[in-house]
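The sequence and the structure follow.

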Amino acid sequence: MRILTEKEIKSAEEKAIEKYFSEPELMNRAGRKCVDKIVKFYGREIEGKRILVFCGNGKNAGDGFVIAKRLCQFGNQAEIVLCDKEPALPAPKKYFDEAVESGVKVTDFADCDMNCALIVDCIFGIGFHGEPKEPFSSVFNAINESGAIVVSVDIPSGTNATDGSVINAVRADLTIAISAYKYCHILPPANEYCGKITAVNIGIPNDCYSEDCALTITKTYVKSSFGKRTLNSNKGDFGRQLNICGSYKMPGAAVICAEAALKTGVGLLKCAFPKSIYGALTSNLTQPVFAPLSENEDKTLSVGALTDLLAEVKWADSIAVGCGIGVNDDTQLIVNQIVKESDVPVVIDADGINSISLNIDVLKDSKAPVVLTPHPGEMARLIGKDAAFVQKNRIACAKAFAKDFDCIVVLKGANTVVTDGVNVLVNTTGNAGMAMGGTGDMLTGMTASFIAQGMAPFNAAASAVYIHGLCGDIAARELSQRGMTVNDMLELLGALMIEFE
(Lines give C-alpha, C1' and ligand atoms only; values in the text may rest on other atoms or scores of the structure.)
Protein backbone atom coordinates (compact mmCIF):
# COMPACT_ATOMS: atom_id res chain seq x y z
CA MET A 1 0.00 0.00 0.00
CA ARG A 2 1.35 3.42 -0.97
CA ILE A 3 1.90 6.20 1.57
CA LEU A 4 1.34 9.60 -0.02
CA THR A 5 1.58 13.27 0.81
CA GLU A 6 -1.24 15.69 0.04
CA LYS A 7 0.56 16.73 -3.15
CA GLU A 8 1.11 13.14 -4.30
CA ILE A 9 -2.49 11.96 -3.82
CA LYS A 10 -3.88 15.12 -5.43
CA SER A 11 -1.63 14.53 -8.43
CA ALA A 12 -2.84 10.93 -8.73
CA GLU A 13 -6.48 11.97 -8.53
CA GLU A 14 -5.99 14.72 -11.10
CA LYS A 15 -4.41 12.25 -13.53
CA ALA A 16 -7.22 9.76 -12.92
CA ILE A 17 -9.84 12.44 -13.64
CA GLU A 18 -7.97 13.56 -16.74
CA LYS A 19 -7.55 10.03 -18.15
CA TYR A 20 -10.17 7.72 -16.69
CA PHE A 21 -12.97 9.10 -14.50
CA SER A 22 -15.08 12.15 -13.80
CA GLU A 23 -14.67 13.76 -10.38
CA PRO A 24 -18.22 12.83 -9.31
CA GLU A 25 -17.57 9.22 -10.31
CA LEU A 26 -14.51 9.01 -8.06
CA MET A 27 -16.49 10.62 -5.24
CA ASN A 28 -19.29 8.12 -5.65
CA ARG A 29 -16.85 5.21 -5.68
CA ALA A 30 -15.23 6.45 -2.48
CA GLY A 31 -18.53 6.89 -0.67
CA ARG A 32 -19.85 3.47 -1.65
CA LYS A 33 -16.61 1.72 -0.68
CA CYS A 34 -16.68 3.49 2.70
CA VAL A 35 -20.20 2.26 3.38
CA ASP A 36 -19.05 -1.30 2.68
CA LYS A 37 -16.31 -0.91 5.28
CA ILE A 38 -18.64 0.69 7.84
CA VAL A 39 -21.11 -2.16 7.47
CA LYS A 40 -18.31 -4.73 7.66
CA PHE A 41 -16.91 -3.30 10.90
CA TYR A 42 -20.04 -2.06 12.66
CA GLY A 43 -23.07 -3.47 10.85
CA ARG A 44 -24.66 -5.18 13.84
CA GLU A 45 -23.91 -2.35 16.23
CA ILE A 46 -25.56 0.32 14.07
CA GLU A 47 -28.48 -1.68 12.69
CA GLY A 48 -31.64 0.40 13.09
CA LYS A 49 -29.80 3.09 15.05
CA ARG A 50 -29.17 6.77 14.41
CA ILE A 51 -26.06 7.72 12.40
CA LEU A 52 -24.74 11.25 11.95
CA VAL A 53 -22.62 12.08 8.90
CA PHE A 54 -20.71 15.30 9.62
CA CYS A 55 -19.84 17.23 6.47
CA GLY A 56 -17.90 20.39 5.69
CA ASN A 57 -18.26 22.31 2.47
CA GLY A 58 -15.32 20.88 0.54
CA LYS A 59 -14.80 17.79 -1.58
CA ASN A 60 -14.59 15.46 1.41
CA ALA A 61 -18.23 16.33 2.10
CA GLY A 62 -19.18 14.77 -1.23
CA ASP A 63 -18.11 11.36 0.07
CA GLY A 64 -20.25 12.02 3.13
CA PHE A 65 -23.38 12.79 1.14
CA VAL A 66 -22.96 9.54 -0.81
CA ILE A 67 -22.42 7.67 2.45
CA ALA A 68 -25.51 9.14 4.12
CA LYS A 69 -27.77 8.30 1.18
CA ARG A 70 -26.43 4.76 0.85
CA LEU A 71 -26.69 4.03 4.58
CA CYS A 72 -30.33 5.08 4.44
CA GLN A 73 -30.85 2.77 1.47
CA PHE A 74 -29.54 -0.04 3.68
CA GLY A 75 -32.24 0.79 6.24
CA ASN A 76 -30.14 2.85 8.64
CA GLN A 77 -31.23 6.16 10.18
CA ALA A 78 -28.49 8.29 8.66
CA GLU A 79 -28.59 12.09 8.85
CA ILE A 80 -26.34 14.74 7.32
CA VAL A 81 -24.97 17.32 9.75
CA LEU A 82 -23.69 20.49 8.07
CA CYS A 83 -20.86 21.99 10.09
CA ASP A 84 -20.77 25.33 8.27
CA LYS A 85 -22.87 25.80 5.14
CA GLU A 86 -24.26 23.93 2.19
CA PRO A 87 -21.71 22.82 -0.42
CA ALA A 88 -21.00 25.09 -3.37
CA LEU A 89 -18.52 22.94 -5.34
CA PRO A 90 -20.25 21.14 -8.24
CA ALA A 91 -19.43 17.50 -7.38
CA PRO A 92 -20.35 17.63 -3.66
CA LYS A 93 -23.43 19.73 -4.51
CA LYS A 94 -24.63 17.02 -6.91
CA TYR A 95 -24.57 14.36 -4.19
CA PHE A 96 -25.98 16.68 -1.54
CA ASP A 97 -28.98 17.38 -3.75
CA GLU A 98 -29.42 13.65 -4.48
CA ALA A 99 -29.33 12.82 -0.77
CA VAL A 100 -31.92 15.50 0.06
CA GLU A 101 -34.15 14.38 -2.79
CA SER A 102 -34.02 10.79 -1.54
CA GLY A 103 -35.24 11.90 1.88
CA VAL A 104 -32.05 12.06 3.93
CA LYS A 105 -32.52 14.44 6.85
CA VAL A 106 -30.19 17.47 6.98
CA THR A 107 -29.38 19.30 10.23
CA ASP A 108 -27.11 22.23 11.07
CA PHE A 109 -24.50 21.49 13.73
CA ALA A 110 -25.89 24.23 15.97
CA ASP A 111 -29.22 22.37 16.13
CA CYS A 112 -27.86 18.83 16.21
CA ASP A 113 -28.80 16.25 18.84
CA MET A 114 -25.57 14.32 19.33
CA ASN A 115 -27.30 11.19 20.64
CA CYS A 116 -26.35 8.54 18.07
CA ALA A 117 -24.62 5.19 17.64
CA LEU A 118 -22.16 6.19 14.94
CA ILE A 119 -20.59 9.38 13.61
CA VAL A 120 -19.02 9.53 10.17
CA ASP A 121 -16.43 12.31 9.88
CA CYS A 122 -16.35 13.87 6.40
CA ILE A 123 -15.54 17.40 7.52
CA PHE A 124 -12.02 18.02 6.20
CA GLY A 125 -9.85 16.04 3.84
CA ILE A 126 -6.18 16.06 2.91
CA GLY A 127 -6.04 19.81 2.29
CA PHE A 128 -6.43 20.75 5.95
CA HIS A 129 -3.49 22.34 7.79
CA GLY A 130 -3.00 24.53 10.82
CA GLU A 131 -5.49 25.17 13.60
CA PRO A 132 -9.24 24.60 13.13
CA LYS A 133 -11.33 27.74 13.42
CA GLU A 134 -14.85 27.94 14.79
CA PRO A 135 -17.25 26.33 14.41
CA PHE A 136 -14.97 23.40 13.50
CA SER A 137 -13.04 23.29 16.75
CA SER A 138 -16.35 23.02 18.61
CA VAL A 139 -17.51 20.35 16.16
CA PHE A 140 -14.38 18.28 16.82
CA ASN A 141 -14.87 18.58 20.57
CA ALA A 142 -18.53 17.59 20.33
CA ILE A 143 -17.69 14.52 18.25
CA ASN A 144 -14.93 13.46 20.61
CA GLU A 145 -17.19 13.85 23.64
CA SER A 146 -20.22 12.14 22.07
CA GLY A 147 -19.50 8.60 23.18
CA ALA A 148 -20.45 7.36 19.69
CA ILE A 149 -18.34 5.18 17.43
CA VAL A 150 -16.41 7.54 15.15
CA VAL A 151 -15.37 6.68 11.59
CA SER A 152 -13.21 9.18 9.72
CA VAL A 153 -13.19 9.13 5.93
CA ASP A 154 -9.66 9.33 4.47
CA ILE A 155 -8.12 11.18 7.44
CA PRO A 156 -9.39 12.35 10.83
CA SER A 157 -10.50 15.94 10.31
CA GLY A 158 -7.98 18.37 11.78
CA THR A 159 -4.90 16.24 11.12
CA ASN A 160 -2.27 17.32 8.62
CA ALA A 161 -2.13 14.62 5.94
CA THR A 162 1.49 15.31 5.01
CA ASP A 163 3.39 15.90 8.26
CA GLY A 164 1.09 14.33 10.86
CA SER A 165 0.80 17.49 12.93
CA VAL A 166 -2.30 18.11 15.07
CA ILE A 167 -3.63 21.00 17.11
CA ASN A 168 -7.19 19.81 17.55
CA ALA A 169 -8.76 16.96 15.60
CA VAL A 170 -11.41 14.28 15.51
CA ARG A 171 -10.40 11.12 17.34
CA ALA A 172 -11.54 8.19 15.22
CA ASP A 173 -12.15 4.58 16.15
CA LEU A 174 -11.72 3.67 12.49
CA THR A 175 -10.15 5.63 9.64
CA ILE A 176 -10.92 4.57 6.07
CA ALA A 177 -7.99 5.64 3.88
CA ILE A 178 -9.05 6.36 0.31
CA SER A 179 -6.78 4.80 -2.36
CA ALA A 180 -3.60 5.00 -0.25
CA TYR A 181 -2.28 5.70 3.22
CA LYS A 182 -1.38 9.29 4.03
CA TYR A 183 1.49 10.26 6.29
CA CYS A 184 -0.90 11.26 9.07
CA HIS A 185 -1.83 7.57 9.32
CA ILE A 186 1.70 6.60 10.27
CA LEU A 187 3.36 9.68 11.79
CA PRO A 188 2.88 10.91 15.37
CA PRO A 189 0.95 12.55 16.79
CA ALA A 190 -1.74 12.17 14.10
CA ASN A 191 -1.52 8.36 14.05
CA GLU A 192 -2.97 8.32 17.56
CA TYR A 193 -6.11 10.01 16.23
CA CYS A 194 -6.73 7.40 13.52
CA GLY A 195 -7.78 4.38 15.55
CA LYS A 196 -7.78 1.26 13.39
CA ILE A 197 -6.86 2.04 9.79
CA THR A 198 -8.28 0.27 6.77
CA ALA A 199 -7.95 1.23 3.13
CA VAL A 200 -10.28 1.11 0.13
CA ASN A 201 -9.31 0.93 -3.53
CA ILE A 202 -11.52 3.16 -5.65
CA GLY A 203 -9.92 2.07 -8.91
CA ILE A 204 -7.27 4.70 -9.66
CA PRO A 205 -4.86 2.93 -12.06
CA ASN A 206 -1.21 2.46 -11.15
CA ASP A 207 -0.02 4.76 -13.93
CA CYS A 208 -1.53 7.72 -12.08
CA TYR A 209 0.87 7.34 -9.15
CA SER A 210 4.50 8.33 -8.71
CA GLU A 211 6.84 5.33 -8.44
CA ASP A 212 9.10 6.72 -5.71
CA CYS A 213 6.63 6.90 -2.83
CA ALA A 214 6.89 5.14 0.52
CA LEU A 215 5.05 1.83 0.89
CA THR A 216 3.63 -0.23 3.71
CA ILE A 217 5.04 -3.70 4.32
CA THR A 218 2.52 -6.29 3.19
CA LYS A 219 2.17 -9.98 3.90
CA THR A 220 2.56 -10.67 0.18
CA TYR A 221 5.88 -8.80 0.16
CA VAL A 222 7.12 -10.78 3.16
CA LYS A 223 6.04 -14.16 1.80
CA SER A 224 7.79 -13.44 -1.49
CA SER A 225 11.07 -12.85 0.40
CA PHE A 226 11.23 -16.45 1.63
CA GLY A 227 12.52 -19.33 -0.46
CA LYS A 228 11.24 -22.89 -0.29
CA ARG A 229 13.09 -25.49 1.76
CA THR A 230 14.10 -28.46 -0.34
CA LEU A 231 13.83 -32.12 0.67
CA ASN A 232 17.59 -32.68 0.79
CA SER A 233 18.44 -29.63 2.87
CA ASN A 234 20.90 -29.69 5.75
CA LYS A 235 21.57 -27.28 8.59
CA GLY A 236 24.34 -25.58 6.66
CA ASP A 237 21.86 -24.56 4.00
CA PHE A 238 20.03 -22.30 6.44
CA GLY A 239 22.90 -20.17 7.55
CA ARG A 240 25.34 -19.63 10.38
CA GLN A 241 24.52 -16.78 12.72
CA LEU A 242 26.83 -15.28 15.32
CA ASN A 243 25.21 -13.43 18.23
CA ILE A 244 27.49 -11.17 20.26
CA CYS A 245 25.11 -10.30 23.05
CA GLY A 246 24.64 -10.15 26.79
CA SER A 247 26.49 -9.11 29.94
CA TYR A 248 26.24 -9.87 33.65
CA LYS A 249 23.49 -7.27 34.13
CA MET A 250 21.61 -8.19 30.96
CA PRO A 251 21.89 -11.89 30.18
CA GLY A 252 18.23 -12.02 29.15
CA ALA A 253 18.94 -9.90 26.06
CA ALA A 254 21.24 -12.62 24.76
CA VAL A 255 18.67 -15.34 25.49
CA ILE A 256 15.84 -13.47 23.73
CA CYS A 257 17.95 -12.68 20.67
CA ALA A 258 19.03 -16.32 20.42
CA GLU A 259 15.50 -17.70 20.85
CA ALA A 260 14.22 -15.39 18.12
CA ALA A 261 16.90 -16.58 15.71
CA LEU A 262 16.16 -20.22 16.41
CA LYS A 263 12.38 -19.81 16.17
CA THR A 264 12.74 -18.24 12.72
CA GLY A 265 14.78 -21.04 11.19
CA VAL A 266 18.49 -20.29 11.27
CA GLY A 267 20.51 -23.46 10.68
CA LEU A 268 23.38 -22.89 13.11
CA LEU A 269 23.61 -20.35 15.90
CA LYS A 270 26.69 -19.49 17.92
CA CYS A 271 26.42 -17.24 20.98
CA ALA A 272 29.46 -15.26 22.09
CA PHE A 273 29.21 -13.69 25.55
CA PRO A 274 31.19 -12.84 28.70
CA LYS A 275 31.96 -16.03 30.58
CA SER A 276 30.16 -15.01 33.81
CA ILE A 277 26.75 -15.44 32.18
CA TYR A 278 27.45 -18.97 30.97
CA GLY A 279 25.02 -20.44 33.48
CA ALA A 280 22.23 -18.04 32.61
CA LEU A 281 22.49 -18.85 28.90
CA THR A 282 22.97 -22.60 29.13
CA SER A 283 20.05 -22.97 31.53
CA ASN A 284 17.75 -21.25 29.03
CA LEU A 285 19.18 -22.37 25.69
CA THR A 286 20.10 -25.84 24.46
CA GLN A 287 20.42 -25.52 20.70
CA PRO A 288 23.21 -22.96 20.10
CA VAL A 289 26.94 -23.45 20.19
CA PHE A 290 28.35 -21.45 23.11
CA ALA A 291 31.45 -19.27 23.07
CA PRO A 292 32.12 -17.89 26.58
CA LEU A 293 34.85 -15.26 26.34
CA SER A 294 37.00 -13.07 28.55
CA GLU A 295 35.34 -10.21 30.41
CA ASN A 296 36.33 -6.99 32.15
CA GLU A 297 35.57 -5.86 35.69
CA ASP A 298 32.10 -4.73 34.58
CA LYS A 299 31.52 -8.33 33.44
CA THR A 300 31.00 -7.28 29.86
CA LEU A 301 33.13 -8.59 27.01
CA SER A 302 36.67 -7.34 27.34
CA VAL A 303 39.01 -6.18 24.61
CA GLY A 304 40.89 -9.42 25.24
CA ALA A 305 38.02 -11.28 23.59
CA LEU A 306 38.46 -9.42 20.32
CA THR A 307 40.82 -11.90 18.65
CA ASP A 308 38.45 -14.79 19.35
CA LEU A 309 35.47 -12.73 18.21
CA LEU A 310 37.08 -11.82 14.90
CA ALA A 311 37.80 -15.50 14.31
CA GLU A 312 34.13 -16.30 14.94
CA VAL A 313 33.12 -13.52 12.55
CA LYS A 314 34.86 -15.41 9.73
CA TRP A 315 32.63 -18.44 10.48
CA ALA A 316 29.35 -16.57 10.26
CA ASP A 317 26.90 -15.68 7.51
CA SER A 318 25.34 -12.95 9.64
CA ILE A 319 26.13 -11.21 12.89
CA ALA A 320 23.85 -9.76 15.57
CA VAL A 321 25.68 -7.49 17.97
CA GLY A 322 24.73 -5.15 20.76
CA CYS A 323 21.84 -6.68 22.69
CA GLY A 324 22.69 -6.17 26.36
CA ILE A 325 26.47 -5.93 25.88
CA GLY A 326 26.82 -2.72 27.91
CA VAL A 327 28.68 0.42 26.89
CA ASN A 328 32.29 1.00 27.93
CA ASP A 329 35.69 1.37 26.28
CA ASP A 330 35.97 -2.38 25.66
CA THR A 331 32.58 -2.88 24.05
CA GLN A 332 32.96 0.27 21.98
CA LEU A 333 36.26 -1.00 20.55
CA ILE A 334 34.76 -4.46 19.92
CA VAL A 335 31.71 -3.19 18.04
CA ASN A 336 33.77 -0.75 15.96
CA GLN A 337 36.23 -3.48 14.95
CA ILE A 338 33.49 -5.92 14.03
CA VAL A 339 31.85 -3.33 11.80
CA LYS A 340 35.18 -2.70 10.04
CA GLU A 341 36.33 -6.32 9.79
CA SER A 342 33.19 -8.28 9.00
CA ASP A 343 32.69 -9.59 5.47
CA VAL A 344 29.07 -10.55 6.24
CA PRO A 345 26.07 -8.39 7.14
CA VAL A 346 25.99 -7.01 10.68
CA VAL A 347 22.78 -6.18 12.57
CA ILE A 348 23.47 -3.65 15.30
CA ASP A 349 21.06 -2.96 18.14
CA ALA A 350 20.87 -1.27 21.53
CA ASP A 351 24.31 -0.97 23.18
CA GLY A 352 25.91 -1.71 19.83
CA ILE A 353 24.33 1.44 18.42
CA ASN A 354 25.39 3.44 21.46
CA SER A 355 28.90 2.05 21.05
CA ILE A 356 29.31 3.51 17.57
CA SER A 357 27.48 6.78 18.22
CA LEU A 358 30.73 8.56 19.16
CA ASN A 359 32.51 7.20 16.08
CA ILE A 360 29.67 7.07 13.57
CA ASP A 361 31.95 7.37 10.56
CA VAL A 362 32.99 3.76 11.21
CA LEU A 363 29.91 2.82 9.20
CA LYS A 364 31.61 4.25 6.13
CA ASP A 365 34.48 1.81 6.70
CA SER A 366 32.28 -1.30 6.69
CA LYS A 367 32.91 -3.92 4.03
CA ALA A 368 29.48 -5.54 4.29
CA PRO A 369 25.90 -4.29 4.72
CA VAL A 370 25.01 -2.90 8.14
CA VAL A 371 21.51 -2.86 9.59
CA LEU A 372 20.91 -0.46 12.47
CA THR A 373 17.78 -0.92 14.62
CA PRO A 374 17.51 2.22 16.79
CA HIS A 375 14.58 3.36 18.87
CA PRO A 376 13.92 7.13 18.68
CA GLY A 377 16.30 7.91 21.56
CA GLU A 378 19.15 6.00 19.94
CA MET A 379 18.39 7.58 16.57
CA ALA A 380 18.55 10.97 18.25
CA ARG A 381 22.03 10.23 19.59
CA LEU A 382 23.17 9.13 16.15
CA ILE A 383 22.11 12.39 14.51
CA GLY A 384 22.77 14.79 17.38
CA LYS A 385 19.11 15.73 17.93
CA ASP A 386 16.54 14.91 20.58
CA ALA A 387 13.92 12.17 20.49
CA ALA A 388 11.10 14.67 19.98
CA PHE A 389 12.76 15.85 16.76
CA VAL A 390 13.10 12.27 15.54
CA GLN A 391 9.46 11.50 16.28
CA LYS A 392 8.31 14.54 14.32
CA ASN A 393 10.53 13.60 11.37
CA ARG A 394 10.71 9.80 11.52
CA ILE A 395 10.92 9.02 7.84
CA ALA A 396 13.12 11.98 6.96
CA CYS A 397 15.61 11.22 9.77
CA ALA A 398 15.87 7.53 8.97
CA LYS A 399 16.12 8.02 5.23
CA ALA A 400 18.76 10.76 5.44
CA PHE A 401 20.93 8.77 7.84
CA ALA A 402 20.70 5.59 5.79
CA LYS A 403 21.68 7.50 2.66
CA ASP A 404 24.56 9.37 4.29
CA PHE A 405 26.08 6.25 5.85
CA ASP A 406 25.11 3.68 3.21
CA CYS A 407 23.32 1.44 5.69
CA ILE A 408 19.85 0.13 6.41
CA VAL A 409 17.95 1.84 9.22
CA VAL A 410 15.10 0.22 11.10
CA LEU A 411 13.65 3.09 13.13
CA LYS A 412 11.53 1.32 15.72
CA GLY A 413 8.30 2.49 17.30
CA ALA A 414 4.70 2.65 16.19
CA ASN A 415 4.82 2.20 12.40
CA THR A 416 8.47 1.17 12.29
CA VAL A 417 10.35 2.65 9.33
CA VAL A 418 12.72 0.53 7.21
CA THR A 419 14.89 2.37 4.69
CA ASP A 420 18.12 2.02 2.76
CA GLY A 421 18.19 5.73 1.97
CA VAL A 422 16.25 5.31 -1.27
CA ASN A 423 13.43 2.88 -0.61
CA VAL A 424 11.13 3.43 2.37
CA LEU A 425 8.85 0.80 3.90
CA VAL A 426 6.56 1.44 6.85
CA ASN A 427 5.14 -1.29 9.05
CA THR A 428 1.50 -1.43 10.09
CA THR A 429 1.60 -4.51 12.34
CA GLY A 430 2.30 -4.29 16.07
CA ASN A 431 0.74 -2.59 19.07
CA ALA A 432 1.51 -0.70 22.27
CA GLY A 433 1.81 -3.95 24.23
CA MET A 434 5.18 -4.42 22.55
CA ALA A 435 6.56 -1.31 24.25
CA MET A 436 8.60 -3.29 26.79
CA GLY A 437 12.15 -4.43 27.31
CA GLY A 438 13.27 -7.32 25.14
CA THR A 439 11.19 -6.83 22.01
CA GLY A 440 14.11 -5.10 20.30
CA ASP A 441 16.40 -8.03 21.13
CA MET A 442 13.83 -10.34 19.55
CA LEU A 443 13.70 -8.23 16.38
CA THR A 444 17.49 -8.24 16.10
CA GLY A 445 17.66 -12.02 16.34
CA MET A 446 14.98 -12.41 13.69
CA THR A 447 16.63 -9.98 11.27
CA ALA A 448 20.04 -11.64 11.51
CA SER A 449 18.39 -15.06 11.14
CA PHE A 450 16.70 -14.12 7.89
CA ILE A 451 19.97 -12.69 6.55
CA ALA A 452 21.86 -15.86 7.49
CA GLN A 453 19.26 -17.89 5.59
CA GLY A 454 20.08 -15.95 2.44
CA MET A 455 17.61 -13.10 2.41
CA ALA A 456 18.83 -9.69 1.23
CA PRO A 457 19.41 -7.45 4.28
CA PHE A 458 16.72 -4.91 3.33
CA ASN A 459 14.13 -7.64 2.76
CA ALA A 460 15.24 -9.38 5.94
CA ALA A 461 14.78 -6.23 8.00
CA ALA A 462 11.33 -5.53 6.53
CA SER A 463 10.21 -9.14 6.91
CA ALA A 464 11.41 -9.32 10.50
CA VAL A 465 9.63 -6.08 11.39
CA TYR A 466 6.35 -7.28 9.87
CA ILE A 467 6.39 -10.75 11.45
CA HIS A 468 7.57 -9.32 14.78
CA GLY A 469 4.61 -6.93 14.83
CA LEU A 470 2.19 -9.63 13.73
CA CYS A 471 3.41 -11.85 16.53
CA GLY A 472 2.80 -9.00 18.97
CA ASP A 473 -0.71 -8.53 17.63
CA ILE A 474 -1.55 -12.19 18.18
CA ALA A 475 -0.10 -12.09 21.70
CA ALA A 476 -2.14 -8.98 22.52
CA ARG A 477 -5.30 -10.53 21.14
CA GLU A 478 -4.84 -13.71 23.17
CA LEU A 479 -3.44 -12.22 26.38
CA SER A 480 -4.00 -8.41 26.35
CA GLN A 481 -1.51 -5.64 25.67
CA ARG A 482 -0.78 -5.21 29.35
CA GLY A 483 -0.45 -8.90 30.08
CA MET A 484 1.70 -10.04 27.17
CA THR A 485 5.44 -10.61 27.54
CA VAL A 486 8.33 -11.16 25.18
CA ASN A 487 8.35 -14.83 26.16
CA ASP A 488 4.73 -15.05 25.08
CA MET A 489 5.69 -13.63 21.70
CA LEU A 490 8.59 -16.07 21.38
CA GLU A 491 6.29 -19.00 22.14
CA LEU A 492 4.00 -17.91 19.32
CA LEU A 493 6.77 -17.13 16.84
CA GLY A 494 7.62 -20.65 15.70
CA ALA A 495 4.02 -21.54 14.88
CA LEU A 496 3.49 -18.18 13.18
CA MET A 497 6.27 -18.93 10.70
CA ILE A 498 4.03 -21.53 9.03
CA GLU A 499 2.26 -18.61 7.32
CA PHE A 500 5.48 -17.78 5.46
CA GLU A 501 6.65 -21.22 4.35
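## Helix packing and local features

Helix 7 (residues 251-263) and helix 15 (residues 439-452) have axes that come within 7 Å and cross at roughly 40 degrees. The model is predicted, so local features need pLDDT of at least 70 and side-chain atom pairs count only at pLDDT 80 or more, while totals for chains, interfaces and linings use all residues. Residues are numbered from 1 along each chain as its sequence is written, and side-chain values use heavy atoms, with hydrogens and water left out. Helices (H or I, at least four residues) and strands (E, at least two) are DSSP runs numbered from the N terminus. Axes are lines fitted to C-alpha atoms, for helices over the stretch in contact, and angles run from 0 to 180 degrees between N-to-C directions.

Helix 7 and helix 15 are therefore oblique to each other; angles under 35 degrees count as roughly parallel, over 145 as roughly antiparallel, 65 to 115 as roughly perpendicular and the rest as oblique. Their crossing is right-handed. A crossing is left-handed if the near helix is turned anticlockwise from the far one by less than a right angle, and right-handed if clockwise. On the helix 7 side, Ala253, Ile256, Cys257, Ala260 and Ala261 meet Asp441, Met442, Thr444, Gly445, Met446 and Ser449 of helix 15, where contact means heavy atoms within 4.5 Å. The residues of this contact divide into 7 nonpolar, 3 polar and 1 charged. In this classification Ala, Val, Leu, Ile, Met, Phe, Trp, Tyr, Cys and Pro count as nonpolar, Asp, Glu, Lys and Arg as charged, and the others, Gly among them, as polar.

Helix 3 (residues 59-73) packs with helix 4 (residues 90-101) at an angle of about 25 degrees, their axes 8 Å apart. That makes helix 3 roughly parallel to helix 4. The crossing of helix 3 and helix 4 is left-handed. Lys59, Gly62, Phe65, Val66 and Lys69 of helix 3 meet Pro92, Tyr95, Phe96, Glu98 and Ala99 of helix 4. By class, this contact has 6 nonpolar, 1 polar and 3 charged residues.

Helix 16 and helix 17 (residues 486-496) pack at about 115 degrees, with their axes 9 Å apart, and their crossing is right-handed. The contact of helix 16 with helix 17 divides into 10 nonpolar, 2 polar and 2 charged residues.

Serine 463 also belongs to helix 16 (residues 457-479). Serine 463 is buried, with a relative accessible area of 0%; buried means under 20% relative accessible area, exposed over 50% and partly exposed in between (1.4 Å probe, protein chains only). The side chain of serine 463 reaches the backbone oxygen of asparagine 459 at 2.8 Å. Not counting residues up to four places away in sequence, serine 463 touches Val222, Ser225, Phe226, Phe450 and Met455.

Isoleucine 123 sits in the loop between strand 5 (118-122) and helix 5 (136-144) and counts as buried at 2% relative accessibility. Beyond its neighbours within four places in sequence, the contacts of isoleucine 123 include Phe54, Cys83, Phe136 and Ser157.

In helix 12 (residues 376-383), the buried residues are Pro376, Glu378, Met379, Ala380 and Leu382. These residues pack against helix 11 (351-356), strand 16 (370-372), helix 13 (387-392), helix 14 (394-405) and strand 17 (408-411). Just after helix 12, glycine 384 takes a positive phi of about 75 degrees.

| Site | Backbone feature | Value |
|---|---|---|
| Glutamate 134 to proline 135 | cis peptide bond | omega near 5 degrees |
| Proline 188 to proline 189 | cis peptide bond | omega about 0 degrees |
| Aspartate 154 | positive phi | near 75 degrees |
| Asparagine 415 | positive phi | near 60 degrees |

Aspartate 154 is found in the loop between strand 6 (149-153) and strand 7 (174-178) and is buried, with a relative accessible area of 8%. Asparagine 415 lies in the loop between strand 17 and strand 18 (417-419); at 16% relative accessibility, asparagine 415 counts as buried.

Note on methods
Polar contact = N/O pair within 3.5 Å; in protein donor to acceptor, adjacent residues only side chain to side chain.
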